[in-house]
Amino acid sequence: DHPDFTDWLLKGVTPPPPTAPAVCLLDSGVVTNPIIAPALHADDCHRVDPNWPLTDDRSTHGTEMAGVALY
């Protein structure tokens with residue numbers, strides 16, 4: 001976690017408008033963080049099996065893919 005870098009980065013980021021295109025990621029989940037949070041709402045996170053977590057608990061691959069798709 002790098003709070004100084006995150007704060008610096010967020011100063012130059014404009015969240016996407018509600019009319020922005022949507023992206024579907026098929027992965028193990030996404031860890032919500034301050035950089036991705038403005039574009040990813042909890043209501044938009046789904047899973048095939050209701051017993052599976054919505055977060056990226058085994059690796060950060062889904063979170064990294066979400067960041068690349070967003071920016």
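Me: How many helices and strands are in the protein chain?
Reply: The protein chain has two helices and zero strands. Helices (H or I, at least four residues) and strands (E, at least two) are DSSP runs, numbered from the N terminus.

Me: What kind of model is this?
Reply: This is a predicted model, where local features need pLDDT of at least 70, side-chain atom pairs count only at pLDDT 80 or more, and totals for chains, interfaces and linings use all residues. Residues are numbered from 1 along each chain as its sequence is written, and side-chain values use heavy atoms, with hydrogens and water left out.

Me: Ok, Thr6. Where does it lie?
Reply: Thr6 lies in helix H1, which covers residues 3-11.

Me: Buried or exposed?
Reply: Thr6 is buried, because its relative accessible area is 14%. Buried means under 20% relative accessible area, exposed over 50%, and partly exposed in between (1.4 Å probe, protein chains only).

Me: And what is Thr6 in contact with, neighbours within four places in sequence aside?
Reply: Pro34 and Ile35. Contact means heavy atoms within 4.5 Å.

Me: What share of the whole chain counts as buried?
Reply: Of the 71 residues in the protein chain, 14% count as buried.

Me: How big is the box that the C-alpha atoms fill?
Reply: Roughly 35 × 30 × 15 Å, along the principal axes.

Me: What share of the contacts with a separation of 6 or more is between residues 24 or more positions apart?
Reply: In the protein chain, such residues account for 80% of those contacts.
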